[in-house]
Amino acid sequence: MSAIPAPISLVSAEDEATILALNNEHAAELSWLEPERLSFLLGEAFYARRIGDLEAFIMTFDQDARYDSPNFVWFRERYPRFVYVDRVVVAAQARGRGHARRLYQDLFGHVERAGHRLVTCEVNTDPPNPASDAFHAALGFAEAGDAVIHGGKKAVRYYIRRLSA
(Lines give C-alpha, C1' and ligand atoms only; values in the text may rest on other atoms or scores of the structure.)
Protein backbone atom coordinates (compact mmCIF):
# COMPACT_ATOMS: atom_id res chain seq x y z
CA MET A 1 0.00 0.00 0.00
CA SER A 2 1.46 3.36 -0.99
CA ALA A 3 1.29 6.53 1.04
CA ILE A 4 -1.00 9.33 -0.08
CA PRO A 5 1.11 12.05 -1.71
CA ALA A 6 1.41 15.34 0.13
CA PRO A 7 -0.99 17.92 -1.29
CA ILE A 8 -0.04 20.68 -3.74
CA SER A 9 -1.26 24.01 -2.41
CA LEU A 10 -0.95 27.74 -3.03
CA VAL A 11 2.04 29.51 -1.55
CA SER A 12 0.99 31.95 1.18
CA ALA A 13 2.69 34.83 2.96
CA GLU A 14 3.26 32.51 5.94
CA ASP A 15 5.42 30.30 3.70
CA GLU A 16 7.87 33.01 2.70
CA ALA A 17 10.51 32.50 5.41
CA THR A 18 10.70 28.77 4.72
CA ILE A 19 10.73 29.30 0.93
CA LEU A 20 13.50 31.86 1.33
CA ALA A 21 15.63 29.43 3.36
CA LEU A 22 15.02 26.58 0.91
CA ASN A 23 15.76 28.83 -2.07
CA ASN A 24 18.96 30.18 -0.59
CA GLU A 25 20.22 26.67 0.22
CA HIS A 26 20.22 26.24 -3.58
CA ALA A 27 21.44 29.71 -4.57
CA ALA A 28 24.18 28.26 -6.83
CA GLU A 29 21.54 26.61 -9.02
CA LEU A 30 18.96 29.39 -8.68
CA SER A 31 19.89 32.80 -7.35
CA TRP A 32 20.12 34.29 -3.89
CA LEU A 33 16.98 36.10 -2.75
CA GLU A 34 16.45 38.68 -0.05
CA PRO A 35 13.07 38.67 1.78
CA GLU A 36 11.77 41.79 0.02
CA ARG A 37 12.68 40.42 -3.42
CA LEU A 38 10.95 37.11 -2.70
CA SER A 39 7.78 38.94 -1.59
CA PHE A 40 7.84 41.02 -4.77
CA LEU A 41 8.38 37.98 -7.00
CA LEU A 42 5.60 36.01 -5.35
CA GLY A 43 3.32 38.97 -5.97
CA GLU A 44 4.23 38.87 -9.68
CA ALA A 45 4.01 35.08 -10.01
CA PHE A 46 1.66 33.44 -12.49
CA TYR A 47 1.77 30.18 -10.52
CA ALA A 48 3.43 29.56 -7.15
CA ARG A 49 2.75 26.29 -5.34
CA ARG A 50 4.21 24.13 -2.63
CA ILE A 51 3.99 20.49 -1.65
CA GLY A 52 3.20 19.44 1.90
CA ASP A 53 5.14 21.12 4.64
CA LEU A 54 7.29 22.90 2.05
CA GLU A 55 8.97 19.75 0.85
CA ALA A 56 9.10 21.48 -2.55
CA PHE A 57 8.01 24.67 -4.27
CA ILE A 58 7.72 26.15 -7.75
CA MET A 59 7.45 29.77 -8.90
CA THR A 60 6.58 30.83 -12.46
CA PHE A 61 5.84 34.02 -14.38
CA ASP A 62 3.97 34.78 -17.56
CA GLN A 63 5.14 37.23 -20.20
CA ASP A 64 3.48 40.19 -18.45
CA ALA A 65 5.39 39.90 -15.16
CA ARG A 66 7.54 42.78 -13.99
CA TYR A 67 10.69 40.70 -13.80
CA ASP A 68 14.21 41.58 -14.90
CA SER A 69 15.96 38.20 -14.79
CA PRO A 70 18.17 37.87 -17.91
CA ASN A 71 16.68 34.42 -18.49
CA PHE A 72 13.08 35.69 -18.34
CA VAL A 73 14.01 38.61 -20.61
CA TRP A 74 15.56 36.16 -23.12
CA PHE A 75 12.18 34.43 -23.49
CA ARG A 76 10.23 37.70 -23.51
CA GLU A 77 12.35 38.91 -26.46
CA ARG A 78 11.50 35.76 -28.46
CA TYR A 79 7.99 34.65 -27.53
CA PRO A 80 4.87 36.82 -27.28
CA ARG A 81 3.09 34.53 -24.79
CA PHE A 82 4.65 32.02 -22.41
CA VAL A 83 4.95 30.83 -18.82
CA TYR A 84 8.50 30.84 -17.48
CA VAL A 85 9.51 28.43 -14.71
CA ASP A 86 11.83 30.54 -12.61
CA ARG A 87 12.59 28.08 -9.85
CA VAL A 88 11.68 24.63 -8.62
CA VAL A 89 13.25 23.42 -5.40
CA VAL A 90 12.88 20.10 -3.61
CA ALA A 91 14.20 19.85 -0.05
CA ALA A 92 17.04 17.35 0.36
CA GLN A 93 15.00 15.08 2.65
CA ALA A 94 12.12 14.98 0.11
CA ARG A 95 14.07 14.10 -3.05
CA GLY A 96 13.16 11.01 -5.03
CA ARG A 97 9.43 11.26 -4.26
CA GLY A 98 8.39 12.74 -7.61
CA HIS A 99 7.63 16.20 -6.21
CA ALA A 100 9.19 18.16 -9.08
CA ARG A 101 7.35 16.04 -11.64
CA ARG A 102 4.04 16.52 -9.78
CA LEU A 103 4.57 20.29 -9.61
CA TYR A 104 5.29 20.44 -13.35
CA GLN A 105 2.25 18.30 -14.20
CA ASP A 106 0.04 20.52 -12.06
CA LEU A 107 1.59 23.59 -13.69
CA PHE A 108 0.93 22.23 -17.20
CA GLY A 109 -2.78 21.85 -16.38
CA HIS A 110 -2.93 25.35 -14.93
CA VAL A 111 -1.13 26.78 -17.98
CA GLU A 112 -3.54 25.10 -20.40
CA ARG A 113 -6.61 26.25 -18.44
CA ALA A 114 -5.25 29.82 -18.62
CA GLY A 115 -4.95 29.57 -22.41
CA HIS A 116 -1.17 29.46 -22.58
CA ARG A 117 0.56 26.93 -24.85
CA LEU A 118 4.27 27.43 -24.09
CA VAL A 119 6.21 26.65 -20.90
CA THR A 120 9.84 27.78 -20.72
CA CYS A 121 12.78 27.35 -18.37
CA GLU A 122 16.55 27.32 -18.24
CA VAL A 123 19.10 24.89 -16.84
CA ASN A 124 22.67 25.75 -15.90
CA THR A 125 25.39 24.48 -18.20
CA ASP A 126 28.14 26.16 -16.15
CA PRO A 127 28.02 25.01 -13.46
CA PRO A 128 26.52 21.95 -15.18
CA ASN A 129 23.26 20.35 -14.06
CA PRO A 130 22.92 17.09 -16.04
CA ALA A 131 20.17 15.74 -13.76
CA SER A 132 18.01 18.76 -14.55
CA ASP A 133 18.74 18.42 -18.28
CA ALA A 134 17.58 14.79 -18.18
CA PHE A 135 14.53 15.64 -16.07
CA HIS A 136 13.37 18.35 -18.46
CA ALA A 137 13.99 16.15 -21.50
CA ALA A 138 11.83 13.43 -19.91
CA LEU A 139 9.04 16.01 -19.48
CA GLY A 140 9.16 16.85 -23.18
CA PHE A 141 11.18 20.06 -23.11
CA ALA A 142 13.32 20.88 -26.16
CA GLU A 143 16.40 23.07 -26.31
CA ALA A 144 15.69 26.58 -27.65
CA GLY A 145 19.01 28.37 -27.15
CA ASP A 146 21.75 29.23 -24.68
CA ALA A 147 23.46 32.22 -23.11
CA VAL A 148 26.29 33.31 -20.83
CA ILE A 149 24.98 35.63 -18.11
CA HIS A 150 26.04 37.52 -15.00
CA GLY A 151 29.24 38.79 -16.56
CA GLY A 152 30.37 35.33 -17.62
CA LYS A 153 29.81 33.72 -14.21
CA LYS A 154 27.03 31.44 -15.37
CA ALA A 155 26.02 29.72 -18.61
CA VAL A 156 22.52 28.40 -19.25
CA ARG A 157 20.58 26.34 -21.75
CA TYR A 158 17.04 27.48 -22.59
CA TYR A 159 14.19 25.01 -22.95
CA ILE A 160 10.62 25.19 -24.20
CA ARG A 161 7.70 22.81 -24.03
CA ARG A 162 4.67 23.34 -26.24
CA LEU A 163 1.39 22.17 -24.78
CA SER A 164 -1.54 20.85 -26.79
CA ALA A 165 -3.63 23.38 -28.68
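Predicted model: local features only at pLDDT ≥ 70, side-chain atom pairs only at ≥ 80, totals over all residues.
Local features were taken at pLDDT of at least 70 and side-chain atom pairs at pLDDT 80 or more, while totals for chains, interfaces and linings use all residues. Residues are numbered from 1 along each chain as its sequence is written, and side-chain values use heavy atoms, without hydrogens or water.

The largest pocket has a volume of about 690 Å³. A pocket here is an open set of points on a 1 Å grid over the protein atoms alone, where a 1.4 Å probe fits, with protein on both sides within 12 Å along at least five of seven lines. Volume is the space filled by probe spheres set on the points, which are joined across faces, edges and corners. The lining of the largest pocket comprises 27 residues, lining residues being those with an atom within 4 Å of a point. Val88, Val89, Asn129, Ser132 and His136 lie nearest the centre. At least two lining residues come from each of β4 (83–90), α4 (99–113), β5 (118–126) and α5 (130–138). Helices (H or I, at least four residues) and strands (E, at least two) are DSSP runs, numbered from the N terminus. Strand β4 gives the largest share, six residues. The lining divides into 12 nonpolar, eight polar and seven charged residues. Ala, Val, Leu, Ile, Met, Phe, Trp, Tyr, Cys and Pro count as nonpolar; Asp, Glu, Lys and Arg as charged; the others, Gly among them, as polar.

The second largest pocket holds about 240 Å³. It is lined by 21 residues, with Ser31, Tyr67, Ser69, Arg87 and His150 closest to its centre. Its largest share, three residues, again comes from β4. Nine of its lining residues are nonpolar, five polar and seven charged.

The largest nonpolar core has 30 residues. Such a core is a set of buried Ala, Val, Leu, Ile, Met, Phe, Trp, Tyr and Cys residues joined through side-chain atoms within 4.5 Å. Buried means under 20% relative accessible area, exposed over 50%, and partly exposed in between (1.4 Å probe, protein chains only). Phe61 and Phe75 have the most contacts inside this core. A second, separate core of 23 residues includes Phe46, Ile51, Leu107 and Val119. Beyond four places in sequence, Phe61 is in contact (heavy atoms within 4.5 Å) with residues including Leu41, Phe46, Tyr67 and Phe82.

Arg76 is found in helix α3. It is partly exposed, at 35% relative accessible area. Beyond four places in sequence, Arg76 touches Gln63, Asp64, Ala65, Tyr67 and Phe82.
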